[in-house]
Amino acid sequence: MRATTADREQSAIYTYLICLAAWAIPGAGHLLLGRIQKGVTFLVALTLMFLCGLWLEGRLFPLEIRQPLVALAALADMGIGVLFFIARGAGAGAGRVVALTYEYGNAFLIVAGLLNMLVVLDAFDITQGRK
Amino acid sequence: MTSHLGLMIVFAFFVSIVFATLMRDEPKQQLRFGAQLFAAFVVGGITLGWILYFFPL
């Protein structure tokens with residue numbers, strides 16, 4: 001039986017929603033797909049990594065297109081999803097350049113975002129039946 | 001907990017957990033692969049640190 005156009009559109013919307021959820025809340029995509037153990041692991045590990053970055057006085061970079069490296073760091077930071085905007089809204093992640101742990105904090109924040117992007121790709125692969 | 005080594009170990013711990021969970025499906029395999037990754041990150045970091053020690057800026 002061939003899939004109709006409506007079926008394919010519905011499947012695409014479902015895939016996008018899973019990816020959106022996976023981006024917004026680390027591990028949410030896997031949780032929605034029934035991969036509970038993986039979802040909970042991502043949720044705990046990535047959230048803790050992000051919080052460690054804030055604790056280490058890292059900076060949540062602003063999206064400044066005029067400074068390409070700052071913009072790239074901002075995109076990586078935003079990879080963690082809603083947590084980024086909550087932290088920005090709460091005034092966290094200002095970054096204290098003179099702090100001993102400033103660069104470590106940045107590394108934690110940026111890598112947490114990048115790892116969450118990998119998690120989103122993994123959720124996408126699962127929806128496509130590749131895993 | 002602000003030493004280079006301590007923070008590197010914490011960083012390696014988180015990255016190992018996420019990679020192991022991504023790349024293995026069974027919890028037992030995840031634990032094994034995660035431990036291997038963690039050891040590789042820490043030993044690799046210390047080795048690289050010692051190599052760079054002989055090339056000061």
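Tutor: Chain A has six helices and zero strands. Helices here are DSSP runs of H or I with at least four residues, strands are DSSP runs of E with at least two, and both are numbered from the N terminus. The model is predicted: local features need pLDDT of at least 70, side-chain atom pairs count only at pLDDT 80 or more, and totals for chains, interfaces and linings use all residues. Residues are numbered from 1 along each chain as its sequence is written, while chains are lettered from A and ligands numbered from 1 in the order in which they are written.

Read chain A along its sequence and you get the pattern α-α-α-α-α-α. Its C-alpha atoms fill a box of roughly 65 × 35 × 25 Å along the principal axes. Of its 131 residues, 41% are buried. A residue is buried if 20 or more other C-beta atoms, placed from the backbone, lie within 10 Å of its own; with 12 or fewer it is exposed, and in between it is partly exposed.

Now chain B. It holds two helices and zero strands. Its box, also along the principal axes, is roughly 45 × 25 × 15 Å for the C-alpha atoms. Its radius of gyration is 14 Å, whereas a compact globule of 57 residues would have one near 10 Å. That radius is taken over C-alpha atoms, and the globule rule is 2.2 Å times the number of residues to the power 0.38. Of the 57 residues in chain B, 21% count as buried.

Next, the meeting place. Here 11 residues of chain B are in contact with 19 residues of chain A. Contact means that the C-beta atoms of two residues, placed from the backbone, lie within 7 Å. Helix α1 of chain B gives the most to chain B's side, with nine residues. That side divides into nine nonpolar residues, two polar and no charged. Nonpolar covers Ala, Val, Leu, Ile, Met, Phe, Trp, Tyr, Cys and Pro; charged covers Asp, Glu, Lys and Arg; the others, Gly among them, are polar.

Which residues meet? From α6(A) come A:Tyr104, A:Ala107, A:Phe108, A:Val111, A:Leu115, A:Leu118, A:Val119 and A:Asp122, and from α1(B) come B:Leu7, B:Phe11, B:Val15, B:Val18 and B:Leu22. The residues of this contact divide into 12 nonpolar, no polar and one charged.

Follow A:Leu46. Leaving out residues up to four places away in sequence, A:Leu46 touches A:Pro26, A:Ile80, A:Ala112, A:Leu115, A:Asn116 and B:Val18.

Now follow B:Ile17, which lies in helix α1 of chain B. With 23 other C-beta atoms within 10 Å, B:Ile17 is buried. Beyond its neighbours within four places in sequence, it contacts A:Thr41, A:Ala45 and B:Gly34. B:Phe38 is 21 residues from B:Ile17 along the chain, and their C-alpha atoms are 8.4 Å apart.

Finish with B:Arg24, in the loop between α1 and α2 of chain B. B:Arg24 has 16 other C-beta atoms within 10 Å and is partly exposed. Residues up to four places away aside, B:Arg24 touches B:Gln29, B:Gln30 and B:Phe33.
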